Amino acid sequence: MIRIASAQLWVHDQDAALEFWTRKVGMEIRQDVSFDELGGFRWLTVGPPGQEDVSIVLMAIPGPPMIDAGTQDEIAALTAKGFAGTVFLTTDDCQASYDELAARGVEFTETPEQRPYGIDAGFRDPSGNSVRLTQLAPDLATA
């Protein structure tokens with residue numbers, strides 16, 4: 001059986017990303033390991049409490065020699081615009097989760113709204129990554 005273990009987000013600053021995802025969104029640190037032999041590469045993951053088998057990799061945008069400086073700049077720019085990927089979080093109560101996260105300092109780009117698939121709101125992390133907070137409609141939540 002193949003299962004999803006992690007999804008990756010490009011982040012501009014791993015410390016700022018860690019602060020945001022743990023203190024404001026409420027994720028737990030799963031792994032935070034630096035490898036000197038790989039030029040200080042830092043493997044940093046967070047995940048939702050109670051869902052131990054899924055994590056988000058907060059990956060620093062690599063530079064030379066892995067990728068050229070121009071590509072590094074392009075990735076950083078696309079990330080800042082929210083085009084480097086979207087994280088989809090689900091909740092049983094979108095309005096309550098919205099209120100809780102907003103109280104912790106998460107700045108939402110979209111307030112909770114009824115959609116055909118449920119109730120949905122949106123925000124971005126400090127790097128610009130798009131995040132959807134969704135309460136699935138009952139028929140989709142049980143599908």
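Residues are numbered from 1 along each chain as its sequence is written, and side-chain values use heavy atoms, with hydrogens and water left out. Because the model is predicted, local features need pLDDT of at least 70 and side-chain atom pairs count only at pLDDT 80 or more, whereas totals for chains, interfaces and linings use all residues.

Helix α1 spans residues 14-24; helices (H or I, at least four residues) and strands (E, at least two) are DSSP runs, numbered from the N terminus. Within α1, Gln14, Ala17, Leu18, Phe20 and Trp21 are buried, where buried denotes under 20% relative accessible area, exposed over 50% and partly exposed in between (1.4 Å probe, protein chains only). Viewed down the axis of α1, these buried residues fall within an arc of 165 degrees and therefore line one face of the helix; the arc is that of the directions from the helix axis to the C-beta atoms. Such spacing can be related to the α-helical repeat of 3.6 residues a turn, so residues three or four places apart point the same way. On the other side of α1, Asp15 and Arg23 are exposed. The buried residues of α1 pack against β1 (6-11), β2 (28-35), β3 (41-47), β4 (55-60), β7 (118-124) and β8 (130-136), contact being defined as heavy atoms within 4.5 Å.

The N-terminal end of α1 is capped by Asp13, a side-chain oxygen of which lies 2.8 Å from the backbone nitrogen of Asp15. Just after α1, Gly26 adopts a positive phi of about 95 degrees.

An open sheet of mixed pairing is formed by four strands in the order β5-β8-β7-β6, with two strands taken to pair if DSSP finds at least two bridges between them. Its edge strands, β5 (86-90) and β6 (108-115), each pair on one side only. Strands β7 and β8 pair in the antiparallel sense over seven bridges, and Val131 in β8 is the bridge partner of Phe123.

Ser130 is placed in strand β8 and is buried, with a relative accessible area of 15%. Not counting residues up to four places away in sequence, Ser130 touches Gly82, Gly85, Thr86, Val87, Phe123 and Arg124.

Asp53, by contrast, lies in the loop between β3 and β4 and is partly exposed, with a relative accessible area of 42%. With the same exclusion of residues up to four places away in sequence, Asp53 touches Arg3, Ile4 and Ala5. The C-alpha atoms of Asp53 and Gln31, 22 residues apart along the chain, are separated by 13 Å.

How values were computed
A polar contact is a pair of N or O atoms within 3.5 Å; within protein, one must be able to donate a hydrogen and the other to accept it, and residues adjacent in sequence count only if both atoms are side-chain atoms.
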